[in-house]
Amino acid sequence: MSEVLLQVEELETHLFTKEGVLKPVNGVSFHVGRGETVGLVGESGCGKTMTALSIMGLVPNPPGRIVGGAIRLDGEDLLQLDDRTLRTRRSVHMGMIFQDASTALNPTMRVGDQISETMQRHLGMSRGEAALHATEILDRVGIPAAEQRLDDYPHQFSGGMRQRVMIAIAICCNPDLLIADEPTTALDVTIQAQLLDLVLELKEDVGKSVLWITHDLGVVAELCDRVMVMYAGQVVEEATVEELFLRPRHPYTAGLLDSMPTLEERRQESLKTIEGMPPNMARMPSGCAFHPRCEYASERCVEEAPALERSGGDGLVACWHPLYIEG
Amino acid sequence: MTTPRENGQTPVDSEEEILVETRELSKHFPGPRPGLMRRRAILRAVEKVNLRIRRGEVLGLVGESGCGKSTLGQTILNLYTPTSGQIFFEGEDIQELRMGELRSLRRKMQIVFQDPYSSLDPRMPIGQAIAEPLVIHKMASGSELEDRVSELLQTVGLNPGLRNRYPHEFSGGQQQRIALARALAVTPSFLVADEPISSMDVSIQGQLINLLEKLRRQMGLTYLFISHDLRMVRHIADRVAVMYLGRIVEIADCDELFDNALHPYTQALLSAVPITDPTAARTRKRIRLEGDVPSPIDLPAGCVFQSRCPLVQPECANEEPELRQMGDGHRAACIMV
């Protein structure tokens, strides 16, 4: 197994609201190996974005706060660091790509300056050095005529190109870990395909680790080595990408896979669906959070929450009645 | 209705009734003014579209954002006034109709939008929102109206007891069901579904698609299903039309289009969709399109796809290719196929 770069242990991030304490990240554990691309999959509100923000130290406070667990980068617990050290670690060792580039970039600042600023601050480069380097990076992420575009503002770029600018900012300090939160969701498929290719290239060239957060299992199949499936603030299944698509163990994962039509063949019958809706975080069901929607739910599922445990192969599953397991 | 003559198109079977038809339909918008004294540019959102939708079928309309698919859908319903061209509904040219006639026709053509919340009045209880079209078209009143609303809520899978609630009390998927109930209230025969599932989670999307299919069977509806989700279009559509920069570049039966796409744009579009088989995903060859979709203002002469086309030839700049018949109902607009 590859060397572990990021280790998240029993992470708990809570939101303290008027309605009470919400637990978008409720005891999440996983790791990302060096050079590995790991997918974090789930539907809206499952806590995947909050998990990413926790790792980056960007949880909006108030109302959010990390209340428990550890986030180790190269063995060092980020939650124990003071703000200043954390900021350096974060920008030099981790880069984040957000879903919406138009809100993540500063609209009043030239793109070149936004890239160089980061390098001047964190890598101690001079203005000239940083500008030179910025051109290289823009070129690297596939922006044509990079040198001329340094002086452009974000609104002068198309959606796909803005997303490339954000990738440029995320990688300019040469981080070990790239966290991407639905970076292609708002883009058209042909542009998404260009960006997926770019990330695959970056990954192959420099052996970066990537944590890719998405709701699209298709993107996971294209890109990831390993996948975690999140539901209602918890990881419910973890497996290699091949194993997950071939033999999903958790009924929720199986339901997600079944509810997606495929491009390759037409299914004549109606689509399989998961009945009901993801739970409201303020009123979480007892026991396993998935039990109200689960066709295999038993009394035990209502009473007791299952832990994430070995599922026969290399994978992990949190379910009392996992699929594809004998006995 | 007379069979229109189009280039290279064989007459349709008399058994297949055409419900909606467009002839050379265009919708242009004024573009940005390049300078104070210069002429305003023209944005050609829909350009000379010939389309026929058969009664009872689901026609999928696919393409990337800005290709004009939503504009086409709304122009067909006369929500936008066409710049030129004709729209026929049940054989009648809808632009020739008088106001009163148009209103009664409107009853038969309905639309559901991508964002159900913004298409519902936030201050109107949902029961009232569903009753409103029935009142406007004088189709029911009193207790009959109440019954009809309950029935509609049941049809879309919602509890009629929730009729006095407001839109914000429902989830996105439920709001879309409410919008659907409102559209179906006036018993339309044709429904434009403009990206109806794009804002929903995967597990909810399937529920709505199954509902649309059930309603189609039960009520004999015809759909124009506009979507960028090619996987879902493959599931629901009988025929599929592909749009690029305001033009239909390819149209065929669903399986034929997905298995045997001819236009290089369609091929690239299909190959860009992530597939859900990790092993196949890693071994297949993707056709990579460089660059972005060009602006629909000031397009060069010739084929609109030439700037990104992997098969581009010098001839492509000469004239715009027409949709040509390539085989049983399969048409493509490309000189290279």
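Residues are numbered from 1 along each chain as its sequence is written, while chains are lettered from A and ligands numbered from 1 in the order in which they are written. Because the model is predicted, local features need pLDDT of at least 70 and side-chain atom pairs count only at pLDDT 80 or more, whereas totals for chains, interfaces and linings use all residues.

**Confidence**

For the complex, the predictor gives an ipTM of 0.82 and a pTM of 0.87. The pLDDT is the predictor's confidence in each residue, from 0 to 100, and in chain B its mean is 89, with 95% of the residues reaching 70 or more. Over residues 1–14 of chain B, however, the pLDDT is below 50, and this stretch has twelve contacts in the model beyond near neighbours in sequence; two residues are in contact if their C-beta atoms, placed from the backbone, lie within 7 Å. Where pLDDT is low, the predicted coordinates should not be read in detail.

**Chain B**

Chain B has eleven helices and twelve strands, where helices (H or I, at least four residues) and strands (E, at least two) are DSSP runs, numbered from the N terminus. Its radius of gyration is 21 Å, close to the 20 Å that the globule rule gives for 337 residues, so chain B is as compact as a globular protein of that length; the radius is taken over C-alpha atoms, and the rule is 2.2 Å times the number of residues to the power 0.38. Buried residues make up 43% of the 337 residues in chain B, a residue being buried if 20 or more other C-beta atoms lie within 10 Å of its own, exposed if 12 or fewer, and partly exposed in between, with C-beta atoms placed from the backbone.

**Where the chains touch**

The contact between the chains takes 37 residues from chain B and 38 residues from chain A. On the side of chain B that touches chain A, helix H7 (202–219) is among the helices that each supply at least two residues, and H7(B) gives the most, with eight residues.

**The sheet of chain A**

In chain A, four strands form an open sheet in the order S2-S1-S4-S5, with antiparallel pairing; two strands pair if DSSP finds at least two bridges between them. The edge strands, S2 (20–33) and S5 (76–77) of chain A, each pair on one side only. The table lists the strand pairs with their bridges.

| Strand pair | Bridges | One pair of bridge partners |
|---|---|---|
| S1(A) and S2(A) | ten bridges | Glu12(A) and Asn26(A) |
| S1(A) and S4(A) | eight bridges | Thr13(A) and Ile66(A) |
| S4(A) and S5(A) | two bridges | Arg72(A) and Asp77(A) |

Most residues other than glycine have a negative phi, and most peptide bonds are trans. In the hairpin of S4(A) and S5(A), which has two residues between the strands, Asp74(A) takes a positive phi near 55°. Glu10(A), found in strand S1 of chain A, has a positive phi of about 45° although it is not a glycine, and with 11 C-beta neighbours inside 10 Å it counts as exposed. A cis peptide bond joins Asn61(A) and Pro62(A), with omega about -10°, and the bond from Pro62(A) to Pro63(A) is cis with omega near 5°. Pro62(A) has its place in the loop between helix H1 (48–56) and S4 of chain A, and Pro63(A) lies in the loop between H1 and S4 of chain A.
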